[in-house]
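Visitor: Can you walk me through this one? Let's start with the strands, then the side chains.

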Amino acid sequence: SNARQFHGYNDLNAARKAFVAFTVAATGVLEPLRATPGLPEFKVWECGMASQAVPEAPKKTHWVQAINREPQNPFFGKDMLDCAVEIQRGGSNAP
């Protein structure tokens, strides 16, 4: 996994590309487990423009965050930090 290596990138674009690969894989595994008793609660968020920051990203890219945090979009840095749509259990977007 590249997760522990993000700090070692000298190039922001390379770090974002590695993070996209990690978050797509991690979210794919974690999202179906959200209702599993005993697991820490988390929210799944979506960025509809991730591919503009990271061309290799799916157009709508998801990431996982702890439930007690406001969304912090990891794809654009501080420019669009709060740009996110919560994905409800079952895959539907929040109203």
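Guide: First a term. Two strands pair if DSSP finds at least two bridges between them. Helices (H or I, at least four residues) and strands (E, at least two) are DSSP runs, numbered from the N terminus. This is a predicted model: local features need pLDDT of at least 70, side-chain atom pairs count only at pLDDT 80 or more, and totals for chains, interfaces and linings use all residues. Residues are numbered from 1 along each chain as its sequence is written, and side-chain values use heavy atoms, with hydrogens and water left out.

Visitor: Good. In what order do the strands sit in the sheet?

Guide: The order is 2-1-3, in an open sheet of three strands with antiparallel pairing. Strand 2 and strand 3 (85–87) are at the edges. Each has a single partner strand, so one side of each lacks a neighbour in the sheet.

Visitor: How many bridges join strand 1 and strand 2?

Guide: Six, in the antiparallel sense. Lys43 is set opposite Gln65 in strand 2.

Visitor: And how many for strand 1 with strand 3?

Guide: Three bridges, antiparallel, with strand 1 covering residues 42–47. Val44 has Ile87 of strand 3 as its bridge partner. Trp45 is opposite Glu86, also in strand 3.

Visitor: Which strands does helix 1 lie across?

Guide: Strand 1 and strand 2. Helix 1 runs at about 65 degrees to strand 2. Contact here means heavy atoms within 4.5 Å.

Visitor: Is strand 1 mostly covered or open?

Guide: Mostly covered, with five of its six residues buried. Buried means under 20% relative accessible area, exposed over 50%, partly exposed in between (1.4 Å probe, protein chains only).

Visitor: Switching to aromatics. How many pairs are there?

Guide: Three. Rings of Phe, Tyr and Trp (its six-membered ring) pair if their centres lie within 6.5 Å; planes under 30 degrees apart count as stacked, over 60 as edge-to-face and the rest as tilted. Phe19 and Phe22 are one of the pairs, with centres 6.3 Å apart and planes at 45 degrees, so they count as tilted. Both sit in helix 1, three residues apart, about one turn of the helix. Phe22 is partly exposed at 32%.

Visitor: Where does Phe75 come in?

Guide: Phe75 lies in the loop between strand 2 and strand 3. Its ring centre is 5.9 Å from that of Phe19, with planes at 50 degrees, so this pair is tilted too. Phe19 is in helix 1, so the pair ties together parts that are 56 residues apart in sequence. Phe75 is buried, at 1% relative accessible area.

Visitor: Which residues form the aromatic cluster?

Guide: Phe19, Phe22, Trp63 and Phe75.

Visitor: Now charges. How many salt bridges does the search find?

Guide: One in the whole structure. A salt bridge is a side-chain nitrogen of Lys or Arg within 4 Å of a carboxyl oxygen of Asp or Glu. Here Glu56 meets Lys17 at 4.0 Å, N to O. Glu56 is in the loop between helix 2 (50–53) and strand 2 (61–66), and Lys17 is in helix 1 (residues 12–30). They are 39 residues apart.

Visitor: Is Lys17 buried or partly exposed?

Guide: Partly exposed, at 46%. Glu56 is partly exposed as well, at 48%.

Definitions and conventions: Axes are lines fitted to C-alpha atoms, for helices over the stretch in contact, and angles run from 0 to 180 degrees between N-to-C directions.
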